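Let's take a walk through a protein model together. Keep the picture turning on your screen as you read, and look up each residue as its name comes along.

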Amino acid sequence: AYSRKVNGDKDFRNMIAHVTLITESDMQRMADLKVIGTMQPLWWYYDPNFSPLEEMMFGTERFEREYHIRDMMDAGIKITGSMDYPVQPDYRPLSGIEVGVTQCSPYPGEKDDPKYTRNPKQGVTAREMLECYTINGAYEMKMEDMIGSIQVGKKADMVVLEQNILTCDPKTIAQTKVCCTIMNGDIVYQC
């Protein structure tokens with residue numbers, strides 16, 4: 001609100017990183033002001049190493065209000081996916097996409113265990129998560145006319161995956177293999 005007051009109603013794409021804990025009224029305010037939520041989906045599941053510390057520091061009531069992604073999207077907030085390297089060594093967007101859908105750990109041996117699930121009612125669709133990592137990120141950087149979707153005239157930056165992550169079992173998204181990576185129309189990786 002202050003940015004708009006000072007700078008006018010221009011195409012500034014303000015964002016809040018780590019928008020972890022937000023009230024319902026601030027969700028609507030954030031949506032109305034078109035503030036982008038730059039988030040790290042690998043924090044959204046219940047990590048037994050980190051989550052208990054978070055609950056201890058925030059208190060149970062606030063801990064349970066964290067990472068309400070479905071509510072944020074339903075309010076109209078544009079979310080982008082990112083990661084916290086090197087704090088989070090898993091840099092694969094596919095892991096973040098799986099967490100967004102399942103709200104559970106994307107790692108083998110943990111994904112079927114309910115103790116790794118955080119906010120099951122806050123799960124979003126695979127398509128919504130894919131948009132977080134593609135067109136929403138392009139929009140955030142004011143590059144949606146160049147990247148973020150497959151369209152004539154845009155850079156041919158994309159990956160070819162071994163399975164359709166929009167229709168597969170969501171618990172298999174993180175382990176999906178990248179078959180080919182294309183940058184500016186050139187194949188830079190192929191398995």
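**Charged pairs and a nonpolar core**

Glu98 and Lys111 are both buried, where buried means under 20% relative accessible area, exposed means over 50%, and partly exposed lies in between (1.4 Å probe, protein chains only). Before going further, please note that this is a predicted model, in which local features need pLDDT of at least 70 and side-chain atom pairs count only at pLDDT 80 or more, while totals for chains, interfaces and linings use all residues. Residues are numbered from 1 along each chain as its sequence is written, and side-chain values use heavy atoms, with hydrogens and water left out.

What do the side chains of Glu98 and Lys111 form where they meet? They form a salt bridge, 3.0 Å from N to O; the term stands for a side-chain nitrogen of Lys or Arg within 4 Å of a carboxyl oxygen of Asp or Glu. This pair links distant parts of the chain, since Glu98 sits in helix 6 and Lys111 in the loop between helix 6 and helix 7, 13 residues apart. Helices (H or I, at least four residues) and strands (E, at least two) are DSSP runs, numbered from the N terminus.

The structure holds 10 salt bridges. In one of them, Arg118 pairs with Glu66, and the closest N and O atoms are 2.5 Å apart. Arg118 belongs to the loop between helix 6 and helix 7 and Glu66 to the loop between helix 4 (60-64) and helix 5, so the pair ties together parts that are 52 residues apart in sequence. Both Arg118 and Glu66 are buried.

Now find Lys171 and Asp112, whose side chains meet in a salt bridge of 2.9 Å, N to O. Lys171 lies in the loop between strand 4 (158-161) and strand 5 (178-183), and Asp112 in the loop between helix 6 and helix 7, 59 residues apart. Are these two buried or exposed? Lys171 counts as partly exposed because its relative accessibility is 35%, and Asp112 is exposed, with a relative accessible area of 61%. Elsewhere, salt bridges link Asp11, Arg13 and Glu144 in a network.

Next, turn to helix 2 (residues 24-32). Its buried residues are Met27, Met30 and Ala31. They cover an arc of only 100° around the axis, which puts them on the same side of helix 2; the arc is that of the directions from the helix axis to the C-beta atoms. An α-helix has 3.6 residues a turn, so residues three or four places apart point the same way. The face turned away from the buried side of helix 2 carries the exposed residues Ser25 and Asp32. Strand 1 (15-17), strand 2 (36-39) and helix 5 (69-75) are among the parts that cover the buried residues of helix 2.

From here we can look at the largest nonpolar core, which has 30 residues. Such a core is a set of buried Ala, Val, Leu, Ile, Met, Phe, Trp, Tyr and Cys residues joined through side-chain atoms within 4.5 Å. Met39, Trp44, Ile69 and Met72 touch the most other members. Helix 2, helix 5, helix 6 (93-102) and helix 7 (126-133) each supply at least two residues of this core, and helix 6 gives the most, with 4 residues.

Finally, strand 5 and strand 6 (residues 186-190) run antiparallel and are joined by 4 bridges; two strands pair if DSSP finds at least two bridges between them. Ile182 has Ile187 in strand 6 as its bridge partner.

Terms used: Contact means heavy atoms within 4.5 Å.
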